[in-house]
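Thanks, everyone. I'll walk through this one element by element, so please keep the structure in view.

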There are 2 protein chains.
Amino acid sequence: MNKIIPVIMCGGAGTRVWPASRETMPKQFIPLLGKLSTFQETLLRLDREIFAEPAIVTNHDYRFLVQEQMKEIGVSGDIVLEPERRDSAAAVAVGCELASQRATDAIVAVFAADHAVRNVEAFRDLCRKAGAAAAQGYVVTLGIKPTHPATGYGYIRPGALVVPEAGVAKVEAFVEKPDLETAERYIAEGYLWNSGNFFFRADVMRSELQEYQPEIAAAAEEAFARAERDLGFLALDREAFSRAPKISIDYAVMERTRHAAVIPADIGWSDVGNWHAVWELSERDQRGNSVRGQGVVMDGQNVHIRSDDCLTTVLGVDDVIVVTTDDAVLVLGAQHGDKVKQLVDDLKRRKLKEAQEHRRVYRPWGHYQSIDNGERHQVKRIVVKPGHKLSLQKHYHRAEHWIVVRGAAEVTRDNEVLMIHENESIYLPMGSVHRLVNPGKIDLELIEVQTGSYLGEDDIVRIEDLYHRA
Amino acid sequence: MNKIIPVIMCGGAGTRVWPASRETMPKQFIPLLGKLSTFQETLLRLDREIFAEPAIVTNHDYRFLVQEQMKEIGVSGDIVLEPERRDSAAAVAVGCELASQRATDAIVAVFAADHAVRNVEAFRDLCRKAGAAAAQGYVVTLGIKPTHPATGYGYIRPGALVVPEAGVAKVEAFVEKPDLETAERYIAEGYLWNSGNFFFRADVMRSELQEYQPEIAAAAEEAFARAERDLGFLALDREAFSRAPKISIDYAVMERTRHAAVIPADIGWSDVGNWHAVWELSERDQRGNSVRGQGVVMDGQNVHIRSDDCLTTVLGVDDVIVVTTDDAVLVLGAQHGDKVKQLVDDLKRRKLKEAQEHRRVYRPWGHYQSIDNGERHQVKRIVVKPGHKLSLQKHYHRAEHWIVVRGAAEVTRDNEVLMIHENESIYLPMGSVHRLVNPGKIDLELIEVQTGSYLGEDDIVRIEDLYHRA
């Protein structure tokens with residue numbers, strides 16, 4: 001069997017684990033459980049004996065995050081950029097185009113980037129079987145064996161076995177999220193959860209898309225054909241891609257194709273859909289409490305603390321999830337996990353920046369974080385990765401003081417180029433044209449003190465930019 | 001009638017409203033309800049038609065806080081410093097000494113600095129009456145009319161009226177904190193809460209102390225006689241004061257004196273004893289929610305949010321108090337307010353600095369706050385009040401960069417004296433002898449970036465100090 005081409009869908013803007021995740025740093029990119037993000041864990045689950053190099057389909061906004069997180073774990077692969085969100089059918093169609101280039105009958109596996117799988121051995125075994133069934137022309141969904149009558153998932157009714165040696169069955173029906181009573185009946189009757197991860201042959205899926213979704217098929221084909229390679233990314237053509245209707249792959253193809261099959265999966269799966277799921281997946285003490293970061297629980301049970309930045313204490317409260325970050329705190333009743341999205345929508349209506357952005361901002365060259373704000377000053381901590389350089393720029397309304405506290409900086413200031421070492425500083429008067437480069441082998445860290453009457457991020461005139469933002 | 005001399009007791013280290021209060025910034029000095037601290041509100045309640053200039057009895061550690069908070073509201077008075085905590089009897093004895101200097105038969109009113117009074121008119125009327133009864137030789141306690149069968153206060157059983165025109169009755173008995181059933185009976189029988197605020201004639205209290213607590217009387221007299229005036233404070237003699245036994249004024253005198261009287265008080269009083277009391281005193285919406293600072297409650301009732309530094313959200317939790325500061329978060333079940341002290345004790349055992357200190361540190365010259373910490377650097381924001389100067393100092397292990405972002409600084413660096421204006425900076429190499437002065441009329445604000453291998457507060461050699469700390 002040829003190796004399976006994994007297509008990882010990671011363009012979502014998940015807000016269900018706010019305030020740890022934000023639109024600018026969605027769920028799949030944060031370390032929710034272990035030290036790695038679920039995106040990284042998803043990639044590392046893909047045994048190279050079974051899987052070829054992955055293809056990542058993501059949003060343009062997340063391109064440097066994806067690149068950085070792949071580099072961190074030493075995984076390479078194609079990174080395809082969607083210029084806008086068109087739901088999963090379009091993303092799958094693009095994945096098909098990419099796989100077809102490698103081989104028209106390539107076997108493709110589509111995985112969400114924000115799911116957790118505890119039993120990796122069972123997962124790999126399952127992938128082998130699903131891949132074999134896909135090679136026979138089936139579109140094979142991973143059907144999770146339910147552990148409880150969940151009302152938050154769609155269900156699949158399996159029919160007769162079609163690939164008996166792989167345990168793969170015909171799909172009799174996809175059914176919508178049920179109420180509790182119906183869910184209990186489904187479980188008794190052997191239904192499975194629809195996990196949204198599936199396997200198919202590229203030519204099979206292409207022909208299904210052409211049959212059921214010709215507009216999507218055409219948009220994806222053209223967007224891919226006209227895609228531009230830039231800085232290691234494959235940027236889909238905006239105009240062509242925007243013609244793809246917004247529809248999920250479930251509605252678009254899975255519920256209509258005659259090739260739909262399902263493989264029962266008992267792999268310790270979770271879609272980590274909300275904070276309650278995170279709590280369930282975390283190690284807990286005898287009282288059901290779990291603490292990540294600096295936290296203390298007194299007189300409480302079934303408490304989950306996630307404390308990223310400060311000391312978080314819970315006293316005399318049960319069944320509560322407390323998430324604290326450097327700029328926002330969430331105190332959540334354990335049974336209300338699914339309402340976090342509504343809360344974030346409410347915060348957006350109130351125009352609170354904490355709804356969408358973190359204090360730390362990621363850039364292609366590293367990141368920065370505002371650490372102090374006054375009326376006429378702002379202090380930032382800036383980290384530049386080795387070999388990276390910021391744009392050549394100037395500001396109309398602010399002067400900047402840079403103090404290097406780690407590493408070395410090569411600073412262009414108008415017509416000079418200066419090396420600034422640890423414990424040295426440089427002053428950039430208002431209007432001076434400047435550029436910051438880390439020529440060294442370790443991270444460059446500096447403290448920037450801005451002074452002036454207007455300190456907005458938009459007072460930046462980019463004269464030249466390595467990352468094509470000028 | 002001569003004016004009453006108010007003695008404000010504000011040396012306590014209250015941790016019951018942690019994390020807003022800390023040992024280094026106790027409850028009486030923080031704005032718990034309005035914009036002012038309860039200490040300031042206590043001072044402002046003292047109508048100058050009835051009251052003379054106040055005397056403040058506080059701990060040596062809080063001297064600059066007291067001075068600063070009095071200055072803020074334009075109130076002057078004696079500030080007596082206790083070198084260590086010896087409980088309330090010793091503090092009252094010292095207050096007597098001070099009042100006796102003004103007049104041996106001065107009328108004294110002792111007030112706690114951390115109580116709230118909502119009906120200030122009624123309070124003033126009551127003070128007039130209590131003062132008149134004190135002039136006749138009674139030691140008059142404010143007996144609060146109970147609003148519910150509280151188990152957290154001692155009760156007073158009033159007897160026959162002794163000053164009928166003032167409503168002042170003989171105290172029949174002081175009784176300990178009761179259980180709920182007993183408290184209900186007390187209320188039915190007309191008992192009053194013991195508020196710990198009382199009025200007396202200085203000579204009467206002196207003679208009671210001499211009779212019942214001769215050691216305290218002697219220690220206070222000597223500590224006061226040998227007290228030193230320094231920077232506007234009256235510092236009690238440490239050796240003499242330390243001889244005073246640690247005992248409350250209730251046990252020491254009130255429960256034994258034949259002159260004990262009580263005046264029923266219906267003044268909207270609260271000792272603001274815990275977060276639940278703060279919630280009760282706060283303005284609440286229809287669902288019983290109250291928010292101070294930036295906070296959002298969704299699907300919750302009887303929620304109190306106090307958010308000093310970030311966005312605090314509560315979703316799907318009832319009867320909870322959430323307090324967030326820049327370095328610590330408390331999520332507290334509404335009925336567990338009295339356990340906060342235990343929690344803080346637990347945090348102290350874990351040696352967590354958040355148990356006792358705030359990030360912002362107050363100094364006689366202003367304050368500073370750590371805003372960023374790295375392995376080999378630290379960033380502080382420093383505010384120096386007009387006319388103030390820091391000590392002449394040097395550091396063995398760190399260099400400092402100062403960037404002035406507001407006001408002007410006069411900087412001594414070894415043999416130079418330089419003026420540094422807004423948007424200018426100066427570098428202080430390791431080992432250089434330096435001093436920072438604000439010669440201007442507005443606050444001086446600067447950003448300090450420290451670099452070095454050891455950045456502890458104790459790497460400071462004070463060569464000369466205006467505030468006598470060298």
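Start with helix 6 and helix 7 of chain A. This is a predicted model, so everything here is computed from it. Helix 6 covers residues 202-212 and helix 7 covers residues 214-225. Their axes sit 5 Å apart, at an angle of about 125°. Angles over 145 degrees would count as roughly antiparallel, and 65 to 115 as roughly perpendicular.

Who makes the contact? From helix 6 of chain A, we have R206(A), L209(A), Q210(A), E211(A) and Y212(A). From helix 7 of chain A, we have P214(A), I216(A), A217(A) and E221(A). By class, that contact splits into 5 nonpolar, 1 polar and 3 charged residues.

Helix 6 of chain A has another partner to look at. That is helix 3 of chain A, residues 87-102. The axes of helix 3 and helix 6 come within 9 Å and cross at roughly 135°. So these two helices of chain A are oblique to each other as well. The crossing of helix 3 over helix 6 in chain A is left-handed.

Look at the residues. Helix 3 of chain A brings V92(A), A93(A), C96(A), E97(A), A99(A) and S100(A). Helix 6 of chain A answers with A202(A), M205(A), R206(A) and L209(A). The tally is 7 nonpolar, 1 polar and 2 charged. Note R206(A) and L209(A). They touch helix 3 of chain A, and they are also on the list for helix 7 of chain A.

Now chain B. Here I want helix 3, residues 87-102, against helix 7, residues 214-225. In chain B, the axes of these two come within 9 Å and cross at roughly 55°. Helix 3 and helix 7 of chain B are therefore oblique. The crossing of this chain B pair is right-handed.

On the helix 3 side of chain B, the contact uses A89(B), A90(B), A93(B), V94(B), E97(B), L98(B) and Q101(B). On the helix 7 side of chain B, it uses I216(B), A220(B), E221(B) and F224(B). That gives 8 nonpolar, 1 polar and 2 charged residues.

Next, the interface between the chains. How many residues of chain A are in contact with chain B? The count is 56 residues of chain A, against 56 residues of chain B. The buried area is about 4,400 Å². Carbon and sulfur atoms supply 62% of that. On the chain A side, L311(A), L315(A) and V331(A) lose the most area to chain B. Together they account for 15% of what that side buries.

Now the annotated spans of chain A. These come from UniProt, from an unreviewed entry. Residues 6-286 of chain A carry the annotation "domain: Nucleotidyl transferase". That span is 35% helix and 25% strand, and its end C-alpha atoms lie 40 Å apart.

Residues 294-347 of chain A are listed by UniProt as "domain: MannoseP isomerase/GMP-like beta-helix". The model gives 15% helix and 54% strand there, with 26 Å between the end C-alpha atoms.

Residues 353-465 of chain A are listed by UniProt as "domain: Mannose-6-phosphate isomerase type II C-terminal". That stretch is 0% helix and 56% strand. Its end C-alpha atoms are 27 Å apart.

Last topic: backbone geometry. Most residues other than glycine have a negative phi, and most peptide bonds are trans. Here are some exceptions.

In chain A, W18(A) and P19(A) are joined by a cis peptide bond, with omega about 5°. P19(A) sits in the loop between strand 1 (5-9) and helix 1 (38-44) of chain A. In chain B, the bond from W18(B) to P19(B) is cis, with omega near 5°. P19(B) is in the loop between strand 1 (5-9) and helix 1 (38-44) of chain B.

Then phi. N423(A) is not a glycine, yet its phi is positive, about 75°. Where is N423(A)? The loop between strand 24 (416-420) and strand 25 (425-428) of chain A holds it. In chain B, D414(B) has a positive phi near 50°, and is also not glycine. D414(B) lies in the loop between strand 23 (409-413) and strand 24 (416-420) of chain B.

Note on methods
Residues numbered from 1 in each chain as written. Chains lettered and ligands numbered in written order. Predicted model: local features only at pLDDT ≥ 70, side-chain atom pairs only at ≥ 80, totals over all residues. Heavy atoms only, no water. Axes fitted to C-alpha atoms, helices over the stretch in contact; angles between N-to-C directions. Helix = DSSP H or I, 4+ residues; strand = E, 2+ residues; numbered from the N terminus. Parallel < 35°, antiparallel > 145°, perpendicular 65-115°, else oblique. Left-handed = near helix turned anticlockwise from the far one by under 90°. Contact = heavy atoms within 4.5 Å. Nonpolar A, V, L, I, M, F, W, Y, C, P; charged D, E, K, R; others polar. UniProt positions renumbered as here; feature names shortened; annotations may be inferred. Buried area = accessible area lost by both parts, 1.4 Å probe.
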